[in-house]
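The following note sets out numbered remarks on the model, for a colleague who works with computed structures. Please read them beside the sequence and the coordinates.

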Amino acid sequence: MSTATQTISQTAKEALPHTVNAKNDGSSQQEGYRYAHMLPVFPQDEHYPPLTPFEHHDPGARALNHPNPRSFLDNATSVVQLTPHLGEEVRGVNLAALDSDGLDQLALEVARRGLVAFRDQQDFIDRGPDFYLEFGRHFGRLHIHPTSGHPANYPEFHLVYRDANTTFNFEREDRISSTVWHSDVSYELQPPGLTALFLFSSPETGGDTAYTSQVAALKRLSPQFVAFLRTLKAVHSGVEQAEWSRSGKRGGVVRREPVENVHPVVRRHPVTGEEALFVNRQFTRRIVGLKREESDTILNFLYDHIDKSADVQARVKWEPYTIVLWDNRVTAHSAIVDFAKTGERRHGARITPQAERPIPALEGLEL
């Protein structure tokens, strides 16, 4: 890693608040913040070559052969289903204490439920970035985001950050809603699978994360239409996100040139076999082989379906020391930026292991 990764770029220095603390009231110096070592930096000379393909072995597949694939939850004090279609909240399980077998079971549980929120995870969060790396690598090759901020010397972590003075999130304030459903970096050839997010600091209220089941959303559609969707593939693009950073926003860096990749509109999970929609408003651009009006009509219908289907959605309220894990292959999500006017800080880290190239639900579909 270059020495530049050890310093905050001038752009980031000017944008970062001079005074923040755990109460988000700006009453103490930045260095008094407990998680200051996890604040975002944007080294201007940090560049990476294109990602290369790799063979992914999903750890959840190993858990299928376990006599009780949910035994890692045996000592939980509470396991509550968030909704019938999506989500689970767990208390009494220390993620930092799971062995390899437990982590395999965790991957399977997240794949089956879409997302799982683990409360009271101070032990995990306070172990620091080297432990986060070890945890994340169990689930796949760790993704380095091309434009977002990361902690000094740890480019593998994508950071979310907003406070009274600035935001380093990919937000659009010229829209009437902050809700933008997406699957993380779906433009990559091998997008993420199991993904983890935890917050170091959050507003007293607001700043929730909304999730939706792309499996349940697909099941709402008529069989004839689903059969047609299985024949389609779409372009996912990182160009707009890169250009947004190049315009000077979010720290103003592009570490890796943006890519576009073609993925099936309906993908199959490699472990559960479930089929899920795999389009999102943020990164999907067009359906291959269709004329522009045809592509726009189908994609806008699917986006509206995803946006409006509250009956297959779940909303996670952040409590201190919460870790949320979701399967990026079968869910979409959106931050809820309803706290922007309060001046409070929302600061978190995402661990983003990559998974396989999306598997078409239709066998033989060429990508």
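1. The term salt bridge is used for a side-chain nitrogen of Lys or Arg within 4 Å of a carboxyl oxygen of Asp or Glu. Glutamate 89 is likewise buried, with a relative accessible area of 15%. Because arginine 119 belongs to the loop between β3 (115–118) and α4, and glutamate 89 to strand β2 (residues 88–91), the pair ties together parts 30 residues apart in sequence. Helices (H or I, at least four residues) and strands (E, at least two) are DSSP runs numbered from the N terminus.

2. On the basis of the model: this is a prediction, in which local features need pLDDT of at least 70 and side-chain atom pairs count only at pLDDT 80 or more, while totals for chains, interfaces and linings use all residues. Residues are numbered from 1 along each chain as its sequence is written, and side-chain values use heavy atoms, with hydrogens and water left out.

3. A second salt bridge joins arginine 91 to aspartate 120, with the closest N and O atoms 3.6 Å apart. This pair also links distant parts of the chain, since arginine 91 is in strand β2 and aspartate 120 in the loop between β3 and α4, 29 residues apart. Arginine 91 is partly exposed at 24% relative accessible area, and aspartate 120 counts as exposed at 53%.

4. Side chains of opposite charge can pair when their charged atoms come close. In the whole structure, 29 salt bridges are found. One of them brings together glutamate 356 and arginine 267, at 3.1 Å from N to O. Glutamate 356 lies in the loop between β15 and β16 (359–360) and arginine 267 in strand β9 (residues 266–268), so this pair ties together parts 89 residues apart in sequence. Both glutamate 356 and arginine 267 are buried. A network of salt bridges links Asp58, Arg267, Asp327, Arg329 and Glu356.

5. Which residues does lysine 317 contact, beyond its neighbours within four places in sequence? They are Arg119, Glu204, Thr205, Gly206 and Asp208, where contact means heavy atoms within 4.5 Å. Lysine 317 is placed in the loop between β12 (313–316) and β13 (323–327). Its C-alpha is 4.9 Å from that of aspartate 208, although the two are 109 residues apart in sequence. Lysine 317 is partly exposed, with a relative accessible area of 42%.

6. The search for aromatic pairs returns 15 over the whole structure. Rings of Phe, Tyr and Trp (its six-membered ring) pair if their centres lie within 6.5 Å; planes under 30 degrees apart count as stacked, over 60 as edge-to-face, and the rest as tilted. Phenylalanine 135 and phenylalanine 139 form an edge-to-face pair, 5.2 Å centre to centre with 65 degrees between the planes. Both of these phenylalanines are buried. Ring pairs join Tyr33, Tyr35, Phe124, Phe131, Tyr132, Phe135, Phe139, Tyr154, Phe157, Phe198 and Phe200 into a cluster.

7. Two members of that cluster also have a charge over the ring, meaning that NZ of Lys or CZ of Arg is within 6 Å of the ring centre and within 35 degrees of the ring normal. The charged end of arginine 127 sits over phenylalanine 131, 5.1 Å from the ring centre. Arginine 345 lies over the face of tyrosine 33, at 3.8 Å from its ring centre.

8. Helix α5 (residues 129–137) has Pro129, Phe131, Tyr132, Leu133, Phe135 and Gly136 among its buried residues. The elements covering them include α3, α4 (122–125), β4 (157–162), β5 (194–201), β13 and β15 (346–351).

9. Helix α3 (residues 100–113) has 14 residues and spans 20 Å from first C-alpha to last, close to the 20 Å expected at 1.5 Å a residue; the expected span is 1.5 Å times one less than the number of residues. The helix is mostly covered, 11 of its 14 residues being buried. Among these are the charged residues Asp104, Glu109 and Arg113. Glycine 114, which follows α3, has a positive phi near 85 degrees.

Terms used. Buried means under 20% relative accessible area, exposed over 50%, partly exposed in between (1.4 Å probe, protein chains only).
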